[in-house]
Structures are given as C-alpha cells and as structure tokens.
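Subject: Structure handover and notes

Hello,

Please find the structure below. My notes on it follow.

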Amino acid sequence: MEYIGNYLFSIVEMGGVLSPLLFIIFHLFRPLLFLPVVFICISGGVLFGPVAGTIYSIIGITLSSLLFYGLMGWTPKSVQRLIGVKQKLLGKHAELTKSQITLLRLVPFIHFHLLSLCLIEISNGFKDYARSSLFSSIPLAMVYTSIGGWISNLNPMFIGILLVALLPMLYLLRRKEIIIKWQEFFSVHDSQQHTSLTRSPS
C-alpha cells in the first residue's frame, strides 16, 4: 500500500496544470486502493498547500460520497456488509445525526462509507444527501490538509519519512475495532428523544 500511494502521488505531483484534477480523481479511486481519506487529505496539504489542498479535498471527498450513492444499487453485497457493521455498532434502529457524522468523519479508523450510509438513511433524497456530504467533508478536509500544509514546511527528507510512516499506521488504525462507547456518544441524543416521547400525547 505504501508503494502504491507514493507512486500515485508522484504522478499527481508531476501532472503540472492537471495535478488538481488528478488529485480529485485519486479521491474517487481511493476505496479501490484501500487508502485512508486522512492520508490523501494530508498529502493534498503537502502537494498544494493548506488552502488549495482543502478545496481540492472537499471536492474529491464530496464526489466520492456522491459516487457511493450512485453505486449502491450496483454493489448490494458491499452495502449489506456495511449495514451489518452498522447494526452491530449501533443497533438496528439507532440513527446518527448529521452533526455526529461530521464529527465522526474526523476519526481516522472509522469506515468512511459506513458514515455515508448513515447519512443516506437520514437524508431526504439525493439533494439533501449531497448537501450534507459537502458540509460534513469540510472539517475533515480542513483539519488534515492543514496538517499536510504544516508538514510541507519541513525538510523534504522528513516529509518522505512521515508520509511513508503514516500509511501503515493509518492502515492499522483502520482495521482496529472502534473503541468509542456508543452509549455515552448517544446519551444526549437518546435523552432528548426520551423527553420528546414523554411529552407527546398518549
């Protein structure tokens, strides 16, 4: 994975005026390469700086989410697998709010499209999903692209070492079990639901 990531980013870096387009396309092919979104955002900060890198990552992440929406009907097994993971983590009837999804996007080891699936379930159609995908991608892109912009000010040798070291670390994190206590995470949301139910007429 380290070799593939470094090779593809070398192509992006040498792309000249097409580099932003190649970088955005790279976001779309990320799931096939098993690369974490965080790594690509950080690399965008290194390649383009924090401002341009953030813009390109927001576009790439949003398009990736829209592509997932369009491909759901073509990959039913993958969708069912994600639904199974979601039910194990949250239960069959629990739902995340859009704010919670935006926050969880910042956690490197949570499956990106699992959160996209949660977003689809609470969205009112494609337009609402597209708008929510855009807004939920902004904090993710800003935070990790800024880290990449900071890295870009270091010695080139240190940049290479950090990027190479970052890939396996993020890969291992991606495979680990989520250690967030979901009961605590949903405690406020559940208590609000309970309050609204008790106030409703019998």
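Contact here means heavy atoms within 4.5 Å. The structure is a predicted model, in which local features need pLDDT of at least 70 and side-chain atom pairs count only at pLDDT 80 or more, while totals for chains, interfaces and linings use all residues. Residues are numbered from 1 along each chain as its sequence is written, and side-chain values use heavy atoms, with hydrogens and water left out.

Helix 7 and Ser116

Helices are DSSP runs (H or I, at least four residues), numbered from the N terminus. Ser116 sits in helix 7, which covers residues 112–122. Its contacts, leaving aside neighbours within four places in sequence, are Ser65, Phe68, Arg105 and Tyr129. Buried means under 20% relative accessible area, with a 1.4 Å probe and protein chains only. Ser116 counts as buried because its relative accessibility is 0%. Most of helix 7 is covered in this way, with 10 of its 11 residues buried; among them are Phe112, His113, Leu114 and Ile122.

Nonpolar cores

A nonpolar core is a set of buried Ala, Val, Leu, Ile, Met, Phe, Trp, Tyr and Cys residues joined through side-chain atoms within 4.5 Å. The largest has 16 residues, of which Phe68, Leu96, Ile101, Leu104, Ile110 and Leu115 touch the most other members. Two or more residues of this core come from each of helix 6 (98–104) and helix 7. Helix 7 gives the most, with 7 residues. Apart from this core lies another, of 10 residues, including Val38, Cys41, Ile58 and Phe112.

Ile101 touches Leu96, Leu115, Cys118, Leu119 and Ile122, with residues up to four places away in sequence not counted.

Cavities

A cavity is a set of points, on a 1 Å grid over the protein atoms alone, where a 1.4 Å probe fits but cannot get out; lining residues have an atom within 4 Å of a point. Grid points are joined across faces, edges and corners, and a volume is the space filled by probe spheres set on the points. There are 2 cavities of 30 Å³ or more.

Regards

Definitions and conventions: Buried means under 20% relative accessible area, exposed over 50%, partly exposed in between (1.4 Å probe, protein chains only). On a 1 Å grid over the protein atoms alone, a cavity is a set of points where a 1.4 Å probe fits but cannot get out, and a pocket is an open set with protein on both sides within 12 Å along at least five of seven lines; lining residues have an atom within 4 Å of a point.
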